[in-house]
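Keep the sequence and the coordinates side by side.

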Amino acid sequence: MEWSLLFFFNSILLGVGLAMDAFSVSLANGLNEPDMKKDRMCAVAGVFAVFQAIMPMIGWICVHTIVQYFEAFEKFIPWIALALLSYIGGKMLADGIKNKDSEAEKTKVGFKALMIQGIATSIDALSVGFTIAEYGLVMAIVCALIIAVVTFIICMAGLILGKKFGTRFSNKASILGGVILIVIGLEIFITGVLHL
């Protein structure tokens, strides 16, 4: 593929498509932590952006090196995403139900949970490596960087919206955030297994 406006347009569209799960998880994080500071918001959105950039590059490398092993692994992607998001969502849901009558301060999404969210929402981006397989290394890196920038912007929007509504919903926000994560896990699982 040649450098063109179409390449950049396709990369942006790819970024938007891949960022939707990360947007929803960012929304849930904002709901869960309505007093999140700007630097933390940048860090959260940055984690999702980095994972969304790394996963297509890993897929691209697999296509150019160990494609047969990657194809065998690909069928497990929906199962992994479902398990990871159900775990984090279930934990948020349980915490929200346990604390719904108390005015306790909301717990922040910790580093470990954020890493799990980053992996779970970007693991399907591994298969994008097949989509960009005809790109040379430099083009694949540029595409991954565009995906990262688009993901960062979309996740920041999700965090801002989540914070706004999280303040209004108070303790119910953690429950809603947990449900959102579980639903996203189910959506990735169903579309991945049924190939919708």
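Where is the place of Thr121? Thr121 sits in helix 5 (residues 111-122). This is a predicted model, in which local features need pLDDT of at least 70 and side-chain atom pairs count only at pLDDT 80 or more, while totals for chains, interfaces and linings use all residues. Residues are numbered from 1 along each chain as its sequence is written, and side-chain values use heavy atoms, with hydrogens and water left out.

Stay with Thr121 for a moment. Its relative accessible area is 1%, so Thr121 is buried. Buried means under 20% relative accessible area, exposed means over 50%, and partly exposed lies in between (1.4 Å probe, protein chains only). The side chain of Thr121 reaches back to the backbone oxygen of Gln117, at 2.9 Å. Residues up to four places away in sequence aside, Thr121 touches Leu18, Asp21, Ala22, Val25, Phe48, Gln52 and Leu85. Contact here means heavy atoms within 4.5 Å.

Now the overall plan. The protein has eight helices and zero strands. From the N terminus on, its elements run α-α-α-α-α-α-α-α. Helices (H or I, at least four residues) and strands (E, at least two) are DSSP runs, numbered from the N terminus. Of the 196 residues in the protein, 45% are buried. Among contacts with a separation of 6 or more, 93% join residues 24 or more positions apart.

Ala144 gives another view of the interior. Ala144 belongs to helix 7. With 4% relative accessibility, Ala144 counts as buried. Beyond its neighbours within four places in sequence, Ala144 is in contact with Ala53 and Met57. Val128 is 16 residues from Ala144 in sequence, and their C-alpha atoms are 9.9 Å apart in space.

Ile61 is found in helix 2 (residues 38-64). Its relative accessible area is 44%, so Ile61 is partly exposed.

Next, the aromatic rings. A pair of aromatic rings is described by the distance of the centres and the angle of the planes. Rings of Phe, Tyr and Trp (its six-membered ring) pair if their centres lie within 6.5 Å; planes under 30 degrees apart count as stacked, over 60 as edge-to-face and the rest as tilted. By this rule there are five aromatic pairs. In one of them, the rings of Phe7 and Tyr135 have centres 5.3 Å apart and planes at 70°, so the pair is edge-to-face. This pair links distant parts of the chain. Phe7 lies in helix 1 (residues 5-32), and Tyr135 lies in the loop between helix 6 (128-131) and helix 7 (137-169), 128 residues apart. Phe7 counts as buried at 0% relative accessibility. Tyr135 counts as buried at 7%.

Trp79 and Phe189 form another edge-to-face pair, because their ring centres are 4.6 Å apart and their planes stand at 75°. Trp79 lies in helix 4 and Phe189 in helix 8, so the pair ties together parts that are 110 residues apart in sequence. Phe189 counts as buried, at 16% relative accessibility. Ring pairs also link Trp3, Phe7, Phe8 and Tyr135 into a cluster.

What about charge? Side chains of opposite charge can pair when their charged atoms come close. A search of the whole structure finds one salt bridge, defined as a side-chain nitrogen of Lys or Arg within 4 Å of a carboxyl oxygen of Asp or Glu. Arg40 and Glu33 meet in a salt bridge through their side chains (2.9 Å, N to O). Glu33 counts as buried, at 2% relative accessibility. Arg40 counts as partly exposed, at 21%.

Finally, the surface. The accessible surface of the protein comes to about 10,000 Å², and 72% of this belongs to carbon and sulfur atoms. Areas come from the Shrake-Rupley method with a 1.4 Å probe; for residues, only the protein chains shown count as cover. Which residues form a nonpolar patch on the surface? They are Phe73, Phe76, Trp79, Leu186, Ile190, Val193 and Leu194, with about 650 Å² of accessible area together. Patches are made of residues with over 30% relative accessible area and no salt bridge; like charges are joined within 9 Å, nonpolar side chains (Val, Leu, Ile, Met, Phe, Trp, Tyr) within 5 Å. Helix 8 (residues 172-194) gives the largest share of the nonpolar patch, four residues. Phe76 lies in the loop between helix 3 (67-74) and helix 4 (77-98). Phe76 counts as partly exposed, at 43% relative accessibility.

Definitions and conventions:
Polar contact = N/O pair within 3.5 Å; in protein donor to acceptor, adjacent residues only side chain to side chain.
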